[in-house]
Amino acid sequence: MRKIIDSVMETIVFICGILSIVFVALIFGFLLKEGFAFFKEFGVINFITGRFWYPVSNPPQFGILPLIVGSLLVTVGAAVIAVPMGVMAALYISEIAPKGVRDILKSFVELMAAIPSVVIGFVGMVTIVPIIRMTFNLPTGLTAFTGSLMLAFMAMPTIVTISEDAIRSVPWAYKEGALALGATRWQTVRRIVLKAAMPGIVAAVMLGIGRVIGETMAVMMITGNAAQIPHSIFEPVRTMTATIAAEMGETVRGGMHYRALFALGFVLFVITFIVNFVADLFSGKSKK
Amino acid sequence: MFRLNPKLSQKLSYALLFCATIFVIIPVVFILFIIIKNGASAITWEFLTSMPRNGMRSGGILPAILGTLSIVSCAICITLPIGVSAAIYLNEYAKDNLLTRIIKLAIVNLAGVPSVVYGLFGLGIFVMFFKLGVSIIAGALTLSIMELPVIITTARGALNSVPYSFREASMSLGVSRWQTIRYIVLPNALPGILTGAILSIARISGETAPILFTAAAFYVPHLPGSIFDQVMALPYHLFIISTQIPNMPKNIIFGTALVLLMLVLSMSLIAIIARLYFRKRRKW
C-alpha cells in the first residue's frame with residue numbers, strides 16, 4: 001500500500017514538474033499557429049520591415065518596424081538610466097551601507113517592485129507627463145523619453161536585487177586579499193568585487209531589460225501610442241506590447257488583424273526568450 | 001597626470017553611490033505620497049461597498065474589488081498545488097540530467113514571457129479553444145500559468161532550506177520517501193512556501209495585461225455570480241477610469257489607485273513580517 005502511494009505521488013509530482021515545459025511549448029505553439037497563418041498571407045519580410053501599421057485601413061498595412069523602433073527606443077532609454085543607477089545602488093547597499101540601513105533600503109527596493117504597473121502609469125500620467133511637456137516645451141508630454149524614465153524606475157528593483165546577490169556572493173577571501181595589500185575599501189570594491197561579480201551583474205541587467213521590453217500597461221499610458229517611426233526621443237511612440245494590449249479588444253476574432261497581433265506576440269516572445277536565455281547563461285557562469 | 005588621493009576618491013565615490021541609491025528609492029516614496037495624499041479623502045465605507053453610478057463618475061468600486069478577489073483566489077488555488085508539486089519533483093526526485101535542465105530552462109523562460117503575451121495565450125487557449133469565454137476562470141487560468149515559475153522557485157528555495165539530515169533521519173527509521181516528504185520536509189518548508197504564495201497573490205492582484213482579454217469587463221451592472229462570469233477588476237478599472245473616461249473626478253481615480261495599492265502592499269507586508277517571524281523561530 002505504502003509503495004503504491006509512493007509511486008503514485010512520484011508520478012503526480014513528475015507530471016507537475018514537466019508541466020512547465022508543456023506550458024512553454026503550448027505558448028510557443030499557439031502564438032505560432034495563429035501567427036503562421038498570418039505570415040503565410042502577408043509575408044514575414046513585409047511584416048518586419050514594413051514602415052506602416054494601419055491595421056484597419058483598406059487595404060490594411062501590417063508593418064511592425066515603427067513598433068519595433070518604438071520598443072527599442074524606450075528600452076534603450078530606460079537601460080541608459082536604470083543600469084548605472086541600479087548597479088551603483090546595488091554596490092552601495094551590499095558593500096557600503098551599515099547593516100541596519102541596508103535592510104531598510106532593501107525593503108524600499110522590494111516595495112517598488114510590488115507596485116502594480118497601472119499605478120505607476122497613472123502616477124506618471126498626472127506628474128511626470130506635464131513636467132516633461134513644460135520643461136522641454138513640447139506639444140505633448142506623452143513621449144518615448146517619459147516612457148523610458150518610468151520604465152527605468154520599474155527595471156531598477158530587478159537590477160538592484162539580482163546585482164546585489166551577485167556582489168554579496170563574491171568570496172570574502174578576494175576582499176581580504178586586496179585589503180591586505182593596502183588597497184582602500186573603494187579600490188577593493190571597484191577593482192576586485194565589481195569584476196568578480198560581473199557575470200551576475202550582466203544577468204541582472206539582461207533580466208531588467210527583459211522586464212522593460214515586456215512591460216505593457218505603464219507604457220501604454222505614457223508613451224502616446226503613435227505608430228510612426230520617431231525622429232527623436234521627445235516624440236510619442238508605440239511599443240509592441242502596447243499595440244497588442246490596445247488593439248486586441250477591437251479585433252474580429254480569427255480575422256487578419258487578430259492574427260497579426262498574435263504574430264506580433266510571437267516576435268515579442270522570441271525576443272524575450274533570447275534575452276532570458278542570455279541572462280540564464282550569465283547567471284550560470286556567476287554561480288561557478 | 002592628475003591623480004586623486006585614494007582616500008578622497010573613496011569619499012567622492014561613496015557620495016556618488018549614495019546619491020544613486022537615493023534616486024532608486026525616491027520614486028517609491030513619491031508614488032506612495034502622491035497616491036495617499038490625494039486618494040485618502042475618497043475612501044469611505046460607501047466607496048468600498050457600493051456599485052459605480054453615473055458612468056462610474058460617482059458611487060463605489062465594490063464590483064471591481066470583488067472581481068479582483070475572485071480572479072486572484074481562483075488563480076492561487078490552481079497554481080499553488082501544481083507549483084509546489086513541481087518544486088517537490090525538482091528538489092526531491094529529479095536527477096541532474098538533460099530533462100531537469102530543460103525543465104529549469106522552461107521555468108526561466110516562463111518567468112520572462114511578457115504579461116501581455118500571457119494575455120494573448122489565455123485568449124487563444126482558454127477563451128477561444130476551450131470556449132470558456134471571457135470569464136473569471138479563463139483569467140484565473142491565465143494568471144496561474146504566469147505565476148507558476150514564481151511559485152516553483154520560492155517553493156524550491158523553501159524545500160531546499162530544510163536540512164538534508166532531517167530526510168536521512170526519517171529514511172533511516174524505515175519511512176518511505178513520500179512519507180518523509182509529506183510528514184518531515186513539507187511541514188518544515190511550509191512557512192517559506194506560504195510566504196511565497198502571499199507574495200504571489202500580491203503580484204497577481206495588480207496585473208492588468210493578462211486579464212485584459214480573458215476576464216476583465218469595462219462595466220458589469222451586477223456582482224460576480226459564478227466563475228463563468230465576466231467581471232470588473234481593480235487594476236483594469238483604474239486603467240479605464242484614468243485613460244478612457246473624460247471628466248472623471250480626480251479623487252475617485254486616486255481613491256481606486258489607493259485601494260489597489262493598499263491591497264497589494266498589505267499582502268507584501270504580511271509576507272515580509274511572516275518571513276521574519278519564521279526565520280526567528282527556526283530551530284536549525
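**Exercise 1.** Work out which domains chain A is divided into, and how they meet.

*Solution.* Start with the bounds: chain A splits into domain 1 (2-53) and domain 2 (67-287), bounds that come from an automatic or database domain assignment. Before going on, note that this is a predicted model, where local features need pLDDT of at least 70, side-chain atom pairs count only at pLDDT 80 or more, and totals for chains, interfaces and linings use all residues. Residues are numbered from 1 along each chain as its sequence is written, while chains are lettered from A and ligands numbered from 1 in the order in which they are written.

Next, the C-alpha centres of domain 1 and domain 2 of chain A are 26 Å apart. Then look at the contact (C-beta atoms, placed from the backbone, within 7 Å): twelve residues of domain 1 of chain A meet ten residues of domain 2 of chain A. On the domain 1 side, helix H1 (residues 2-42) of chain A supplies the largest share, nine residues. Helices here are DSSP runs (H or I, at least four residues), numbered from the N terminus.

**Exercise 2.** Find how many residues each chain brings to the contact between chains A and B, and which helix of chain B gives the most.

*Solution.* First, the totals: 70 residues come from chain B and 74 residues from chain A. Second, the helix: H1(B) leads the chain B side with 19 residues. Third, the make-up of that side: 53 nonpolar, 15 polar and two charged residues. Here Ala, Val, Leu, Ile, Met, Phe, Trp, Tyr, Cys and Pro count as nonpolar, Asp, Glu, Lys and Arg as charged, and the others, Gly among them, as polar.

How values were computed: Two residues are in contact if their C-beta atoms, placed from the backbone, lie within 7 Å. Helices (H or I, at least four residues) and strands (E, at least two) are DSSP runs, numbered from the N terminus.
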